[in-house]
Amino acid sequence: MTRCLISQAEVQGFIERCMTAVGTKPHHARSLAEVLVEGDYRGHYSHGLNRLDMYMKDIHSKICAKDGEPVVEKESAATALVDGKNLLGPVVGNFCMNLAIKKAKEVGIGWVVAHGSNHYGIAGYYAMQALKENMIGMSFTNTSPLVVPTRGKECTLGTNPISVAAPAKNGDSFVLDMATSAVALGKVELHERRGDTIPEGWGCDAKGKLTEDPKRVLNGGGLVPIGGSEATGGYKGYGLGMMVEVFCGILAGAQYSKHIRTWKVTDRVANLGQCFVAINPENFAPGFTDRMSDLLSIQRGLDPADPDAPVLTAGDPERMNMAKCVKMGGIPYHIKVVEHMNKFAKDFHVSPLLPCDKIISN
């Protein structure tokens, strides 16, 4: 597999140039670029540079707003309802998470929901913002219907991710960031773009049968909930996806379930619902970070079933990926993804493009 090594600064600058080329405000473009680069840096390539053309199309077609800022419609000491004004998801997400953290500092918890939002990148980006204040952070979003419920054939739920971040001692943390489907759709898209098959259990075809062909999943099929079939616990993933919908589309008064527009069909605004939570452990039992560190140590200290595969906790794979990027001196991107984005950016006269001079093979 041929990859191209690109520095974070180069990718950040390229994304900002692309977004401003289609009319995005510079500070909004920066917010989006930071989320996408963080996604790639953490190893979530399905939610990084791979998504750039989608955001550009949304702004260029005016289906996503480029002017204005989110507005608080209703609030109490600990809660708020926000109108995202159909702005870029990261703009709405940052506004809401900052507000949740502010409320948590004042009263111990902040619970903020938004309607009128758009795709916001990795959910973990927002949950992790609370870690900087030594708080627990949570973030959820609904998405276009891509998941087939247990016993069903039609896609009526999104990948509806869940993220929970909790601080431990010395900068350590627990960072759960997961879709409630077996995988995020972007991972299927990446395999399709590379010409690779997908593992069985990621998705099904139009008839509801499991398939290893990403094209069949993307064309008339759907993703499978966490757990897969009913016999292997798929109804639990289905239930978690519904829970996210309660927190997002239902609580915020946004679109929900099959009422959300079809993925990548931009005939109408997305009006996604999102939820952001910050909790201050200081308002609860003392010694939170000490116990968190112990909890993490218990799991990591286990004797592994495979000596070459140590027991990890949520957030550890991402830390390992970031360390690898630091050692390499950049983020390794699949050459086809870089070529695709450069070709797309050329149509908008973006310059300079992403560099392709540092080629690595793995």
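This is a predicted model: local features need pLDDT of at least 70, side-chain atom pairs count only at pLDDT 80 or more; totals for chains, interfaces and linings use all residues.

Residues are numbered from 1 along each chain as its sequence is written, and side-chain values use heavy atoms, with hydrogens and water left out.

In soluble globular proteins, nonpolar side chains tend to be buried together. A nonpolar core is taken here as a set of buried Ala, Val, Leu, Ile, Met, Phe, Trp, Tyr and Cys residues joined through side-chain atoms within 4.5 Å, where buried means under 20% relative accessible area, exposed over 50%, and partly exposed in between (1.4 Å probe, protein chains only). The largest such core holds 71 residues, and Phe 14, Ile 15, Met 19, Leu 49 and Leu 52 have the most contacts inside it. Helix H4 (residues 89-107) contributes the most to this core, with eight residues; helices (H or I, at least four residues) and strands (E, at least two) are DSSP runs numbered from the N terminus. Contact means heavy atoms within 4.5 Å, and Met 19, setting aside residues up to four places away in sequence, touches Thr 24, Ala 29, Leu 32, Leu 52, Tyr 55, Met 56, Ile 59 and Leu 88. A second, separate core of 16 residues includes Ile 136, Ala 168, Cys 248 and Leu 296.

The open spaces come next. On a 1 Å grid over the protein atoms alone, a pocket is an open set of points where a 1.4 Å probe fits, with protein on both sides within 12 Å along at least five of seven lines, and lining residues have an atom within 4 Å of a point. The largest pocket has about 580 Å³ of space, and among its 38 lining residues His 47, His 119, Thr 159, Pro 161 and Ala 184 are the closest to its centre. Helix H6 (185-194) is one of the elements that supply at least two residues of this lining, and H6 gives the most, with three. The second largest pocket has about 310 Å³ of space; of its 16 lining residues, the closest to the centre are Leu 146, Leu 185, Val 217, Leu 218 and Trp 263. The largest share of that lining, four residues, again comes from H6.

H6 itself is mostly covered, with seven of its ten residues buried, namely Leu 185, Gly 186, Val 188, Glu 189, Leu 190, His 191 and Arg 194. The cover over these buried residues includes strand E1 (2-6), strand E12 (331-334) and helix H11 (335-346). Just after H6, Gly 195 takes a positive phi of about 80°.

Ala 123 lies in the loop between strand E4 (109-117) and helix H5 (124-127), and counts as buried because its relative accessibility is 2%. Beyond its neighbours within four places in sequence, Ala 123 is in contact with Ser 139, Pro 161, Ser 163 and Asp 177.

Finally, a search of the whole structure finds zero disulfides, a disulfide being a pair of cysteine sulfur atoms within 2.5 Å. The sulfur of Cys 64 is too far for a bond, because the closest cysteine sulfur, in Cys 96, is 14 Å away. Cys 155 is in no disulfide either, the nearest cysteine sulfur, that of Cys 204, being 6.6 Å away. Cys 64 is buried, with a relative accessible area of 3%, and Cys 155 is buried, with 17%.

Methods: Grid points are joined across faces, edges and corners, and a volume is the space filled by probe spheres set on the points.
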